[in-house]
Amino acid sequence: MLLTRRGAIAGLGSGLASLAALQACAEPAYPSRTIKMIVPYPAGGTTDLLGRLVADRLQTGLGAKLVVENKPGAATTLGAEQVARAQPDGYTLLMATSTTLAINKTLYKKLPYDPVKDFTPIAILAAVPFALIVNPQIPAATLSEFIAYAESNPGLAYGSAGNGSPHHLGAEMLKTAAGIEIRHVPYRGSVPAMLDVIAGHIPFMVMDLQPALPQIREGKVRVLGVTTLKRVAAAPDIPTLAESGLAGFELVAWQGVVGPAGMPAAIVDRLATQIEQLAADPATRDKLIRLALEPLPPSTPASFASYIKAEVDRWAEIVRKSGAELE
């Protein structure tokens, strides 16, 4: 019997469908191998802490092995580029920050990735307050005393987690708001910079409050104020810079999880569900609050994507007002 053209096409389609079904059956269920979480900062900082909390949750919730890889450098672009170029199969994730996904877009004329197009948003976790800390040898116990000291000692050096980090922009915002002359010394992460403040190699910095709190409580650094508009629940005794004389001063960053662009929706939803359960856990929320982090309302991958787009615009204004140089 002659095979008609229509019959041949139907037979081909049936064959391809069968092949696809066989391939689908052959594809192991996710996750079938180790998941890598890239943290674009050194170990010990806020981003590293959150990355490891997420990693623990995903290991338990997905029954998967997960490793955390710290890859600091170039204002988080080294780690971000690695994830942006990875296969979108759910096995390479990024603990992303407002630096990676919002600030860098304006600060740098050229980036090795597009913050909106090259990533799949999964979930946002927490907001990060900052604090102005100084070496205890600096003769300033209040913000006004520090401003007076800086005015009499122009060119004071300050540390940061790197060019374009919130630590950098926060100090530049302080420079503009207080009318002082200061000099930027970028580090590969906020903790190494803070250690140099403790050692007296640099006099001050704007530091994420979470890793700074133990040093503040032990008297290794002196805190002059936090960068939120309201006092932080974990340290209500620390005044805000806004209430101390810099009206309206606010610097708050955020942390979330993304993967490479093009990840399958089913995998994104599985990861987002696990992270949402982590964020909703009362014990985890209490831990974040005690660590001076601010848990954010639950997000969806779609709402996180919209948030990132809005944050690009918001941080662009902060970058422009701070006077931070484009590179």
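Modeller: Contact here means heavy atoms within 4.5 Å. The model is predicted.

Colleague: Leaving aside neighbours within four places in sequence, which residues is Thr97 in contact with?

Modeller: Thr97 lies in strand β3, residues 92–97. Buried means under 20% relative accessible area. Thr97 has 4% relative accessibility, so Thr97 counts as buried. Beyond its neighbours within four places in sequence, its contacts are Tyr41, Thr47, Thr76, Trp254 and Gln255.

Colleague: Which residues point the other way from Thr92, Leu94 and Ala96 in β3?

Modeller: In a regular strand the side chains alternate between the two faces of the sheet. In β3, Thr92, Leu94 and Ala96 point one way, and all residues on both sides are buried.

Colleague: In which sense do β1 and β3 pair, parallel or antiparallel?

Modeller: Strand β1 covers residues 35–39, and three bridges join β1 to β3. The sense of the β1–β3 pairing is parallel.

Colleague: What is the bridge partner of Leu94 in β9?

Modeller: β3 also pairs with β9, over four bridges. The sense of that pairing is antiparallel. In β9, the partner of Leu94 is Val258.

Colleague: Thr76 is in contact with Thr97. What is the phi of Thr76?

Modeller: Thr76 sits in the loop between β2 and α3. Its relative accessible area is 2%, so Thr76 is buried. Thr76 is not a glycine, yet its phi is positive, at about 75 degrees.

Colleague: Is Ala75 buried or exposed?

Modeller: Ala75 is in the loop between β2 (66–70) and α3 (77–84). Ala75 is not a glycine, but has a positive phi of about 55 degrees. Its relative accessible area is 10%, which means that Ala75 is buried.

Colleague: How much space lies in the largest cavity?

Modeller: The structure holds one cavity of 30 Å³ or more. The lining of the largest cavity has 21 residues, and Tyr41, Thr47, His167, Asp208 and Gln255 lie nearest its centre. Tyr41, Thr47 and Gln255 are also among the contacts of Thr97. The space in the largest cavity is about 170 Å³.

Colleague: Which elements give two or more residues to the lining of the largest cavity?

Modeller: The lining divides into ten nonpolar, ten polar and one charged residue. Helices and strands both contribute. The elements with two or more lining residues are α2, α4 (98–107), β4, α6 (166–178), α7 and β9 (252–260).

Colleague: Which element gives the largest share of the lining of the largest pocket?

Modeller: The largest pocket holds about 240 Å³ of space. Its lining includes Met173, Thr176, Phe249, Glu317 and Lys321. By type, the lining residues are four nonpolar, three polar and three charged. At least two come from each of α6 and α11 (301–322), and the largest share, four residues, is from α11.

Colleague: How many of the nine residues of α8 are buried?

Modeller: Helix α8 covers residues 209–217 and is mostly covered. Its buried residues are Leu209, Gln210, Pro211, Ala212, Leu213, Gln215 and Ile216. The buried count for α8 is seven.

Colleague: What do the buried residues of α8 pack against?

Modeller: Just after α8, Gly219 takes a positive phi of about 80 degrees. The packing partners of the buried α8 residues include both helices and strands. They are α2 (46–62), β4 (119–134), α7 (190–199), β7 (204–208), β8 (222–226) and α10 (282–290).

Colleague: Where is the cis peptide bond that has an omega of about -5 degrees?

Modeller: Look to the loop between α1 (5–26) and β1, the place of Pro31. Pro31 is one partner in the bond. The cis peptide bond joins Tyr30 and Pro31.

Colleague: What percentage of the 327 residues is buried?

Modeller: The protein chain comes to eleven helices and ten strands. Its C-alpha atoms fill a box of roughly 100 × 40 × 30 Å along the principal axes. Its accessible surface is about 14,600 Å², 56% of it from carbon and sulfur atoms. The buried share of the residues is 52%.

Notes: Residues numbered from 1 in each chain as written. Predicted model: local features only at pLDDT ≥ 70, side-chain atom pairs only at ≥ 80, totals over all residues. Heavy atoms only, no water. Buried < 20%, exposed > 50% of the residue type's maximum accessible area, 1.4 Å probe, protein only. 1 Å grid on protein atoms, 1.4 Å probe; cavity = no way out; pocket = protein on both sides within 12 Å on 5 of 7 lines; lining within 4 Å. Points joined across faces, edges and corners; volume = space filled by probe spheres on them. Nonpolar A, V, L, I, M, F, W, Y, C, P; charged D, E, K, R; others polar. Pairing = 2+ DSSP bridges. Areas by Shrake-Rupley, 256 points an atom, 1.4 Å probe, with all protein chains shown as cover.
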